[in-house]
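Hi there,

Here is the model I promised to pass on to you. Have a look at it first, and my notes follow below.

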Amino acid sequence: MALGVTLTRPSDEGEVIDRVRAMAALDADPTVATAALAGDPLLGPLMSARRGLRVPGTWDPFEVGVRAIVGQQVSVAGATTVTGRIVERHGPVVAAQAWPGLHRAFPSAATLADADLAGLGLTGARVAAISTFAGAVADGTVRLDRSVGLEELIASLASLRGLGPWTAHYIALRMGEPDAFPATDLVLRRSADALLAAPDGASLAARAEAWRPWRALAAVHLWAAAAT
(Lines give C-alpha, C1' and ligand atoms only; values in the text may rest on other atoms or scores of the structure.)
Protein backbone atom coordinates (compact mmCIF):
# COMPACT_ATOMS: atom_id res chain seq x y z
CA MET A 1 0.00 0.00 0.00
CA ALA A 2 1.34 3.43 -0.97
CA LEU A 3 0.63 6.68 0.87
CA GLY A 4 0.60 9.98 -0.98
CA VAL A 5 1.29 13.11 1.06
CA THR A 6 1.45 16.77 0.05
CA LEU A 7 3.50 18.78 2.53
CA THR A 8 3.48 22.56 2.79
CA ARG A 9 6.52 22.32 5.05
CA PRO A 10 9.12 19.54 4.72
CA SER A 11 9.65 19.73 8.48
CA ASP A 12 6.15 18.25 8.97
CA GLU A 13 7.20 14.91 7.49
CA GLY A 14 8.07 13.35 10.84
CA GLU A 15 4.74 14.28 12.41
CA VAL A 16 2.83 12.97 9.41
CA ILE A 17 4.65 9.65 9.60
CA ASP A 18 3.94 9.35 13.32
CA ARG A 19 0.25 10.10 12.83
CA VAL A 20 -0.11 7.62 9.99
CA ARG A 21 1.62 4.93 12.02
CA ALA A 22 -0.78 5.66 14.88
CA MET A 23 -3.80 5.42 12.55
CA ALA A 24 -2.83 1.90 11.53
CA ALA A 25 -1.45 0.94 14.97
CA LEU A 26 1.81 -0.01 13.27
CA ASP A 27 3.82 0.38 16.46
CA ALA A 28 1.59 -2.01 18.40
CA ASP A 29 2.47 -5.69 18.67
CA PRO A 30 -0.82 -7.61 18.54
CA THR A 31 0.97 -10.92 19.10
CA VAL A 32 1.47 -10.16 22.80
CA ALA A 33 -2.20 -9.35 23.39
CA THR A 34 -3.33 -12.22 21.19
CA ALA A 35 -1.23 -14.68 23.16
CA ALA A 36 -2.67 -13.36 26.43
CA LEU A 37 -6.26 -13.67 25.22
CA ALA A 38 -6.01 -16.81 23.09
CA GLY A 39 -7.09 -19.08 25.93
CA ASP A 40 -10.28 -17.17 26.64
CA PRO A 41 -13.32 -19.26 25.58
CA LEU A 42 -15.07 -16.22 24.10
CA LEU A 43 -12.14 -14.42 22.47
CA GLY A 44 -9.91 -17.36 21.54
CA PRO A 45 -11.89 -18.41 18.44
CA LEU A 46 -12.17 -14.77 17.33
CA MET A 47 -8.41 -14.33 17.60
CA SER A 48 -7.81 -17.42 15.50
CA ALA A 49 -10.27 -16.27 12.84
CA ARG A 50 -8.74 -12.81 12.48
CA ARG A 51 -5.05 -13.11 13.14
CA GLY A 52 -3.20 -9.82 13.15
CA LEU A 53 -6.28 -7.66 13.71
CA ARG A 54 -5.25 -4.35 15.28
CA VAL A 55 -7.05 -1.61 17.14
CA PRO A 56 -7.77 1.24 14.69
CA GLY A 57 -6.13 4.53 15.59
CA THR A 58 -6.88 8.03 14.40
CA TRP A 59 -5.25 11.02 12.76
CA ASP A 60 -6.93 13.43 15.20
CA PRO A 61 -8.38 12.35 18.58
CA PHE A 62 -10.37 15.59 18.81
CA GLU A 63 -12.15 14.83 15.55
CA VAL A 64 -12.91 11.31 16.79
CA GLY A 65 -14.44 12.82 19.94
CA VAL A 66 -16.67 15.18 17.99
CA ARG A 67 -17.74 12.38 15.66
CA ALA A 68 -18.56 10.19 18.67
CA ILE A 69 -20.76 12.90 20.16
CA VAL A 70 -22.51 13.55 16.85
CA GLY A 71 -23.05 9.82 16.35
CA GLN A 72 -24.79 9.17 19.65
CA GLN A 73 -28.13 7.46 18.92
CA VAL A 74 -28.09 8.25 15.19
CA SER A 75 -27.14 6.22 12.13
CA VAL A 76 -23.63 6.26 10.72
CA ALA A 77 -24.93 7.90 7.54
CA GLY A 78 -26.73 10.58 9.52
CA ALA A 79 -23.69 11.30 11.69
CA THR A 80 -21.47 11.54 8.60
CA THR A 81 -23.84 14.06 7.03
CA VAL A 82 -23.96 16.26 10.14
CA THR A 83 -20.19 16.10 10.61
CA GLY A 84 -19.76 17.18 7.00
CA ARG A 85 -21.94 20.20 7.67
CA ILE A 86 -19.81 21.16 10.67
CA VAL A 87 -16.69 21.00 8.53
CA GLU A 88 -18.26 22.97 5.69
CA ARG A 89 -19.27 25.76 8.04
CA HIS A 90 -16.23 25.94 10.34
CA GLY A 91 -13.36 23.98 8.81
CA PRO A 92 -10.37 25.93 7.45
CA VAL A 93 -10.10 26.05 3.67
CA VAL A 94 -7.45 23.77 2.21
CA ALA A 95 -5.42 24.98 -0.75
CA ALA A 96 -6.92 23.65 -3.98
CA GLN A 97 -3.64 22.12 -5.10
CA ALA A 98 -3.13 20.21 -1.83
CA TRP A 99 -5.24 17.19 -2.77
CA PRO A 100 -8.00 16.68 -5.35
CA GLY A 101 -11.44 16.72 -3.74
CA LEU A 102 -10.22 18.00 -0.38
CA HIS A 103 -11.61 21.46 0.32
CA ARG A 104 -11.63 21.90 4.08
CA ALA A 105 -9.88 20.43 7.11
CA PHE A 106 -11.58 19.52 10.36
CA PRO A 107 -12.01 22.58 12.63
CA SER A 108 -9.82 22.96 15.70
CA ALA A 109 -10.99 22.67 19.29
CA ALA A 110 -10.56 26.42 19.76
CA THR A 111 -12.83 27.05 16.77
CA LEU A 112 -15.62 24.70 17.83
CA ALA A 113 -15.56 25.86 21.45
CA ASP A 114 -17.39 29.05 20.41
CA ALA A 115 -18.80 28.00 17.05
CA ASP A 116 -22.37 28.46 15.88
CA LEU A 117 -23.67 24.92 15.39
CA ALA A 118 -27.35 25.77 15.04
CA GLY A 119 -29.23 24.48 12.03
CA LEU A 120 -26.87 21.62 11.25
CA GLY A 121 -29.12 18.81 12.44
CA LEU A 122 -27.83 18.60 16.01
CA THR A 123 -29.97 18.58 19.11
CA GLY A 124 -29.38 21.25 21.71
CA ALA A 125 -27.77 18.68 23.98
CA ARG A 126 -25.32 17.62 21.24
CA VAL A 127 -24.42 21.24 20.49
CA ALA A 128 -23.71 21.85 24.17
CA ALA A 129 -21.66 18.66 24.44
CA ILE A 130 -19.50 19.53 21.43
CA SER A 131 -18.91 23.06 22.73
CA THR A 132 -18.03 21.76 26.19
CA PHE A 133 -15.71 19.08 24.83
CA ALA A 134 -14.00 21.51 22.46
CA GLY A 135 -13.53 24.07 25.23
CA ALA A 136 -12.03 21.47 27.56
CA VAL A 137 -9.57 20.34 24.88
CA ALA A 138 -8.69 23.91 23.95
CA ASP A 139 -7.93 24.97 27.53
CA GLY A 140 -6.09 21.78 28.45
CA THR A 141 -8.67 20.38 30.87
CA VAL A 142 -8.78 17.31 28.62
CA ARG A 143 -5.41 16.13 27.26
CA LEU A 144 -5.54 14.20 24.01
CA ASP A 145 -1.77 13.99 23.53
CA ARG A 146 -1.16 10.74 25.45
CA SER A 147 0.46 12.74 28.27
CA VAL A 148 -1.92 11.30 30.90
CA GLY A 149 -2.82 7.74 31.81
CA LEU A 150 -6.01 5.95 30.88
CA GLU A 151 -7.82 6.49 34.18
CA GLU A 152 -7.08 10.22 34.24
CA LEU A 153 -8.10 10.59 30.61
CA ILE A 154 -11.39 8.74 31.17
CA ALA A 155 -12.16 10.77 34.27
CA SER A 156 -11.53 14.08 32.51
CA LEU A 157 -13.73 13.12 29.56
CA ALA A 158 -16.56 11.54 31.52
CA SER A 159 -16.78 14.58 33.78
CA LEU A 160 -17.97 16.70 30.85
CA ARG A 161 -21.69 17.14 30.45
CA GLY A 162 -22.89 15.11 27.47
CA LEU A 163 -19.94 12.72 27.48
CA GLY A 164 -20.40 9.48 29.36
CA PRO A 165 -18.16 6.45 29.92
CA TRP A 166 -18.90 5.05 26.46
CA THR A 167 -17.70 8.16 24.66
CA ALA A 168 -14.70 8.50 26.96
CA HIS A 169 -13.57 4.91 26.45
CA TYR A 170 -14.20 5.04 22.71
CA ILE A 171 -11.99 8.12 22.34
CA ALA A 172 -9.30 6.48 24.48
CA LEU A 173 -9.49 3.29 22.43
CA ARG A 174 -8.98 5.20 19.18
CA MET A 175 -6.07 7.06 20.79
CA GLY A 176 -4.25 3.77 21.27
CA GLU A 177 -4.98 3.06 24.93
CA PRO A 178 -4.75 -0.76 25.01
CA ASP A 179 -7.06 -1.22 28.01
CA ALA A 180 -9.86 1.14 26.96
CA PHE A 181 -13.17 -0.70 26.78
CA PRO A 182 -16.61 0.87 26.12
CA ALA A 183 -18.46 -1.80 28.09
CA THR A 184 -21.88 -0.22 27.61
CA ASP A 185 -21.65 -0.40 23.82
CA LEU A 186 -24.77 -2.16 22.58
CA VAL A 187 -23.03 -3.90 19.70
CA LEU A 188 -20.33 -5.26 21.99
CA ARG A 189 -22.89 -6.64 24.41
CA ARG A 190 -24.97 -8.23 21.65
CA SER A 191 -21.88 -9.73 20.07
CA ALA A 192 -20.74 -11.28 23.34
CA ASP A 193 -24.21 -12.64 24.09
CA ALA A 194 -24.49 -14.15 20.62
CA LEU A 195 -21.10 -15.86 20.88
CA LEU A 196 -21.61 -17.32 24.34
CA ALA A 197 -23.00 -20.83 24.09
CA ALA A 198 -24.29 -20.66 27.66
CA PRO A 199 -24.59 -17.09 28.98
CA ASP A 200 -23.65 -17.05 32.66
CA GLY A 201 -25.41 -13.81 33.52
CA ALA A 202 -22.20 -11.87 34.10
CA SER A 203 -22.09 -8.36 32.73
CA LEU A 204 -19.76 -7.63 29.87
CA ALA A 205 -17.78 -5.23 32.08
CA ALA A 206 -17.26 -7.97 34.65
CA ARG A 207 -16.26 -10.51 32.03
CA ALA A 208 -13.85 -8.02 30.48
CA GLU A 209 -11.87 -7.77 33.72
CA ALA A 210 -10.14 -11.00 32.69
CA TRP A 211 -9.01 -9.34 29.46
CA ARG A 212 -6.96 -6.58 31.09
CA PRO A 213 -4.73 -4.93 30.00
CA TRP A 214 -5.79 -5.75 26.41
CA ARG A 215 -9.49 -4.92 26.51
CA ALA A 216 -9.29 -2.60 23.48
CA LEU A 217 -8.25 -5.48 21.22
CA ALA A 218 -11.02 -7.60 22.73
CA ALA A 219 -13.52 -4.89 21.83
CA VAL A 220 -12.29 -4.72 18.24
CA HIS A 221 -12.65 -8.49 17.84
CA LEU A 222 -16.18 -8.40 19.22
CA TRP A 223 -17.11 -5.55 16.88
CA ALA A 224 -15.61 -7.44 13.94
CA ALA A 225 -17.57 -10.57 14.87
CA ALA A 226 -20.80 -8.58 15.00
CA ALA A 227 -20.17 -7.23 11.51
CA THR A 228 -20.03 -10.67 9.92
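Which side-chain oxygen reaches to the backbone nitrogen of V187 at the start of helix 10? An oxygen of D185 does, coming within 3.1 Å of that nitrogen. Helices here are DSSP runs of H or I with at least four residues, numbered from the N terminus.

Before the rest, a word on conventions. This is a predicted model, in which local features need pLDDT of at least 70 and side-chain atom pairs count only at pLDDT 80 or more, while totals for chains, interfaces and linings use all residues. Residues are numbered from 1 along each chain as its sequence is written, and side-chain values use heavy atoms, with hydrogens and water left out.

On confidence, the protein chain averages a pLDDT (the predictor's confidence in each residue, from 0 to 100) of 91, and 95% of the residues score at least 70. Helix 1 (residues 13–23) has the lowest confidence, with a mean of 87, and helix 6 (residues 109–113) the highest, at 98.

Back to D185, which sits in the loop between helix 9 (165–174) and helix 10 (186–195). Its side chain also has a polar atom 2.9 Å from the backbone nitrogen of L188; both are polar contacts (N or O atoms within 3.5 Å, one able to donate a hydrogen and the other to accept it; residues adjacent in sequence count only if both atoms are side-chain atoms). D185 is buried (under 20% relative accessible area; exposed is over 50%, partly exposed in between; 1.4 Å probe, protein chains only) yet has no salt bridge, and R189, the nearest side chain of opposite charge, is 7.3 Å away. For charge, Lys and Arg count as positive and Asp and Glu as negative, with His and the chain ends not counted. Leaving aside residues up to four places away in sequence, D185 touches W166 and W223, where contact means heavy atoms within 4.5 Å.

In helix 10 itself, L188, S191 and A192 are the buried residues. They line one face of the helix, because seen down the axis they fall within an arc of 95 degrees, taken from the directions from the helix axis to the C-beta atoms. R190, D193 and A194 are exposed on the other side. Helix 11 and helix 12 are among what covers the buried residues.

The structure holds twelve salt bridges, each a side-chain nitrogen of Lys or Arg within 4 Å of a carboxyl oxygen of Asp or Glu. In one of them, R215 pairs with D179, with the closest N and O atoms 3.1 Å apart. This pair links distant parts of the chain, from R215 in helix 12 to D179 in the loop between helix 9 and helix 10, 36 residues apart. R215 and D179 are both buried, and salt bridges join D179, E209, R212 and R215 in a network.

R212 turns up again in the backbone: the peptide bond from R212 to P213 is cis, with omega near 0 degrees. P213 lies in the loop between helix 11 (204–208) and helix 12 (215–226).

A25 counts as buried at 12% relative accessibility, whereas Q73 counts as exposed at 81%.

Best wishes

How values were computed
Helices (H or I, at least four residues) and strands (E, at least two) are DSSP runs, numbered from the N terminus.
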